[in-house]
Amino acid sequence: MTASPTINGIAAGSSPAERRLLRTAAPQSGFAPWKDPSKQPIIRFENVTKRFGDFVAVDNITLDIYEREFFALLGPSGCGKTTLLRMLAGFEKPTEGRVIVEGKDITDLAPYERSNINMMFQSYALFPHMTVERNVGFGLRQEGMPEDQIKARVNEAMSLVELGKFAHRKPHQLSGGQQQRVALARAIAKKPKLMLLDEPLGALDKKLRNQAQFELMRIQEQTGTTFVIVTHDQEEAMTVASRIAVMNQGRLEQVSTPGEIYESPQSRYVAQFIGDVNIMEGKVVSLPGDGTVEITPASGDGRIFKAGACEGLSVGQQVWLSVRPEKFRISLDPPQSNVNVVKGRVDDVGYLGSISHYHVHTEAGNRVTALRANSSHNVERTISWDDTVWLEWPAESAVVLKA
Amino acid sequence: MRKWMVIAAPYVWLLLFFLIPFFIVFKISLSESEISIPPYTPVFSLSEGWESIRTKLGELDFEKYAFIFSDELYTSSYWSSLKIAAVATFLTLLIAYPLAYGMARAPKEWQPTLMMFVILPFWTSFLIRVYAWIGILKNEGLLNAFLLHIGAISEPLQIMNTTTAVYIGIVYSYLPFMVLPLYASLEKIDGRLLEAAEDLGSPPWKAFWQVTFPLSIPGIVAGCFLVFIPATGEFVIPDLLGGSETLMIGKTLWSEFFNNRDWPVASAVAVLLLLVLIVPIVAFQWAQQRAREAGR
């Protein structure tokens, strides 16, 4: 899993304990089974479609997820991510297509027949009439495991989530964070091959959520279980996931590592969904053949943007250039080069301590956002409202999007 | 001042319509019967002065209670009432549970309609509905005619004037009181709990006994009390459907008042009935309180 601490700001604000967790949870570099053609995926969705009446919740998705992955399904509500997860658990049956887990077609198996898959539910779904201990042991009791073994496994699961002393409480006597741990322990107690998490941290406040994310990573690493998490929180997905599938209207927009998703999104949708981004429309004017592309902005004032080319571009094609706010260099003086520069007027300044946001109204009529770190060595004049500024960016930090 | 009025209102209500009538009945139960109007002595009269009231108070005794306990008719009436009420409550539960479960599982937009069907019988008088059962159950009634017609029986079943008819009447009349609390507790159960049970390896029928049933116990308890308490003192149903064969305390009470015109004994029977019912009523209150605390 490639956590991106600099993006979500956790490394800066985290406690030493969290940083330690981050290190222990960091995977052996080179964990990328999806790049290894000899690896068999643990989960395979084959042309899976799910319709509810006229509504297409999941639209012909084919997706492989590999063992020991922490896979995130990310998207806005109604994008089909939960339906996809529920098809793995067995609560929904695909209208078309097959779901294969560990080489076995499980499309038609009922949830209770999928003994190697367990789910942690949104808002936990703890049994209110049972103690924590009974909740955690519920799955094991269904298997008819002897009581002394159940006790041992329950204790193991509870110590994994650091919840030992609450064994005899009822769920309503626990805080939200404790309930979340019970839910996790209950799902993990059966030692599933595959753990499904439906918005597992949605009910926690922000601080607790950050902590819980690292804990999920620790537990995933310790148990070696494959995790599939559904979330609408892009920071959460970026933090925990080895790969992220960004979903939109039942389709997969992009399936990549968090780093790739952020640095080289394949569509405007993905670029805009993950972090802040400035999108500028333009047309391809030339492809010099050195792996770059020259683009003229849609406003057509003769300026040229240069960027790394992607496949399948042709001269005259409409494209979009995406530049992250932190990639801009904002200055009060015109830069020497005329490439990858826009001129504009500062509309708004947001001072956030370590960084400042600048909303710039460009000559072409776009509104773009630039970020600048407020380092102590910054001797330049402060930039203020209504200043005329130039925004410049290196060619390699702009991404050309075809859609 | 306003606050006191709000607090006092229910107590004044209780005093006027429960405690004072109760003490009147209680006082009669301590009197002697006599052929007069009213049919008991002594009758207090303020015009005769305090002295006479004091001597008359001295004439009161608990003799009638001793009589009730010595005569088997009364004890077996109480006993049989409790038994009939308990069996009828259980039968009502058996019928109401699937009904309430079906209602709670029905599509949301259907539930208000189904609820209305359950409440619909209340739109007609209770008495008329019980009379209607006579038409169904009697020997030449609808049920027997139907069974004879399809050839299931060769001669009419004697259902009227048996305890069976009383069971049918109680189950029918008190069904809504069982269905509504059951529905309320079943409807509250989060469907995800059942999904979680299934996910953890419990097939649906097992999940019902492990999750749905235990979570519906407050509804079962409330429904059983709501049926059992009024059914124990029921008069109309055993009188109209049970005939002479069924012994229920409500009927005994009625005949004591109106056939025997022995008001003191009848009053003592009423006071004892109240005492008998106080036990389940207190238990009910306690269960409700506990359910409320668990629900927090």
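Angles under 35 degrees count as roughly parallel, over 145 as roughly antiparallel, 65 to 115 as roughly perpendicular and the rest as oblique. I noted that the model is predicted, with pLDDT of at least 70 needed for local features and 80 or more for side-chain atom pairs, while totals for chains, interfaces and linings use all residues. Residues are numbered from 1 along each chain as its sequence is written, and chains are lettered from A in the order in which they are written.

Entry 1: I looked up α5 (132-142) of chain A and helix α7 (residues 176-188) of chain A; helices are DSSP runs of H or I with at least four residues, strands runs of E with at least two, numbered from the N terminus. Their axes, lines fitted to C-alpha atoms over the stretch in contact, with angles from 0 to 180 degrees between N-to-C directions, come within 7 Å and cross at roughly 30°. α5(A) and α7(A) are therefore roughly parallel to each other.

I then listed the contact (C-beta atoms, placed from the backbone, within 7 Å). α5(A) gives A:V132, A:N135, A:V136, A:F138 and A:G139, and α7(A) gives A:V182, A:A185 and A:R186.

**Entry 2: the chain partner.** I found 16 residues of chain A in contact with 14 residues of chain B. On the chain A side, β6 (117-120) and α5 (132-142) each give two or more residues. The largest share, 3 residues, comes from α5(A).

**Entry 3: a sheet.** I traced an open, antiparallel sheet of 4 strands in chain A, ordered β2-β1-β4-β5; strands pair if DSSP finds at least two bridges between them. β2 (55-65) and β5 (104-105) are the edge strands. β4 (residues 96-101) pairs with β5(A) over 2 bridges, and A:I100 stands opposite A:D105.

Technical notes. Two residues are in contact if their C-beta atoms, placed from the backbone, lie within 7 Å.
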